[in-house]
Amino acid sequence: MRSLLIAIAAVFGLGLASAQAQSPAPAATTKTDLMLYTSQPQDMLNAMISVFNRSHPEITVHFFRSGTTEVMNKLEAEYAAGAPQPDLLLVANALDLSQMKAKDRLLAYPEAPTAGYDPAIHDPDHRYFATKRITTGIAYNTKLVQDPPKSWKDLLDRRFKGQVIMPSPLYSGAAALHVGTMTASPAFGWAYYEALAENGALAGRGNGSVMEAVASGQSAVGIIVDFMALNAKAKGSPVDFVFPSDGVSVITEPVAILKTARNPAGAKVFIDWLLSAEGQAFAAEQGYLPALPGVAAPKTFPAGFVDPLLISVDPEILIKDDEQTKRTFSDLFGG
């Protein structure tokens with residue numbers, strides 16, 4: 001990994017130790033139900049639950065799925081009504097779970113199977129756990145772009161005027177983290193986003209909307225999470241993905257159990273599976289970069305993939321500025 005590690009130990013850390021095989025918990029005999037609130041793409045979520053149920057057919061997983069912001073807004077409304085519904089949260093942005101922890105809404109799970117992981121990648125108080133690593137970079141339509149961008153600053157070139165689309169932090173947790181990281185970085189700041197707006201960049205909804213726009217040719221270039229673009233490329237879509245030379249942001253899609261969970265035992269089984277070598281290998285099979293060191297990168301990633309340069313930010317700034325970041329982005333792009 002090239003250095004300039006992001007200084008967000010408990011939020012984003014990258015594991016460097018060797019993998020240790022971990023076996024998921026054995027299936028129980030009693031049928032139970034589990035409610036999951038998540039921002040995972042629908043098709044990948046369905047596949048994940050199906051594979052989980054091969055080992056744990058006793059647990060029926062119900063879910064509510066949407067962008068992270070909508071998921072958290074729904075949950076906040078349920079708290080206001082005194083009736084939070086989920087047992088588990090699995091959302092893109094660790095900042096949301098950090099805020100949930102600050103409100104004392106998350107159940108500690110110190111027995112979670114974290115052996116083999118870099119301790120910095122999980123919450124030090126064992127209230128949420130990284131399940132994968134997802135960077136945000138640049139996708140482009142290979143039929144429309146002959147000279148692909150290599151850096152974030154390339155998107156300000158006039159050849160991409162009116163051709164860049166990005167997800168909105170008002171909908172996507174990954175986008176919220178990415179915009180927060182970029183605007184907190186002295187190398188970019190809000191001046192970069194003002195220049196993007198000046199160059200005609202548009203805001204979509206989530207990363208899925210960006211992928212559709214770039215793959216269809218509606219937009220030539222998109223700011224997007226890595227797995228979506230690389231999975232689409234592997235399926236034959238005319239897209240490719242660039243890890244920008246001036247750095248990437250990264251999220252870890254953490255999972256956590258709510259203190260109000262009706263089925264904490266089932267939730268722990270689900271976390272055990274996500275963190276197991278089996279769960280991490282399945283994450284890679286889906287195109288996600290695993291969080292457990294030693295588990296091979298997805299086949300969709302470039303041959304000889306090396307962790308890209310990370311943009312360094314202070315996590316406290318991201319947490320403090322989160323709402324203002326969304327308002328300023330909305331003022332610029334309306335998304």
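In this predicted model, a polar atom of the Ser276 side chain lies 2.9 Å from the backbone nitrogen of Gly279. If you want to find Ser276, look in the loop between helix H9 (264-275) and H10. Is Ser276 buried or exposed? With a relative accessibility of 1%, Ser276 counts as buried, because the cut-off for buried is under 20%.

| Pocket | Volume | Lining by class |
|---|---|---|
| Largest | about 410 Å³ | nine nonpolar, seven polar, five charged |

Let's start with the largest pocket, at about 410 Å³. It has 21 lining residues, and the ones closest to its centre are Asp43, Met44, Met228, Asn231 and Lys235. Which helices supply at least two residues each to this lining? They are H2 (42-55), H7 (207-216), H8 (226-234) and H10 (277-285). H7 gives the largest share of the lining, with five residues.

At least two lining residues come from each of helix H5 (173-184), H7 and H8. Once again H7 gives the most, this time with three residues. In soluble globular proteins, nonpolar side chains tend to be buried together. The largest nonpolar core in this model has 55 residues, and the members that touch the most others are Trp152, Leu155, Tyr193, Leu196, Val221 and Ile224. H8 supplies the largest share of this core, five residues.

What does Tyr193 touch, leaving out residues up to four places away in sequence? The list runs Met166, His178, Val179, Met182, Thr183, Phe329, Leu332 and Phe333.

There is also a second, separate core, made up of 30 residues. Among its members are Leu45, Ile49, Ala267 and Leu274.

Methods. Residues numbered from 1 in each chain as written. Predicted model: local features only at pLDDT ≥ 70, side-chain atom pairs only at ≥ 80, totals over all residues. Heavy atoms only, no water. 1 Å grid on protein atoms, 1.4 Å probe; cavity = no way out; pocket = protein on both sides within 12 Å on 5 of 7 lines; lining within 4 Å. Points joined across faces, edges and corners; volume = space filled by probe spheres on them. Helix = DSSP H or I, 4+ residues; strand = E, 2+ residues; numbered from the N terminus. Nonpolar A, V, L, I, M, F, W, Y, C, P; charged D, E, K, R; others polar. Core = buried A, V, L, I, M, F, W, Y, C linked by side-chain atoms within 4.5 Å. Buried < 20%, exposed > 50% of the residue type's maximum accessible area, 1.4 Å probe, protein only. Contact = heavy atoms within 4.5 Å. Polar contact = N/O pair within 3.5 Å; in protein donor to acceptor, adjacent residues only side chain to side chain.
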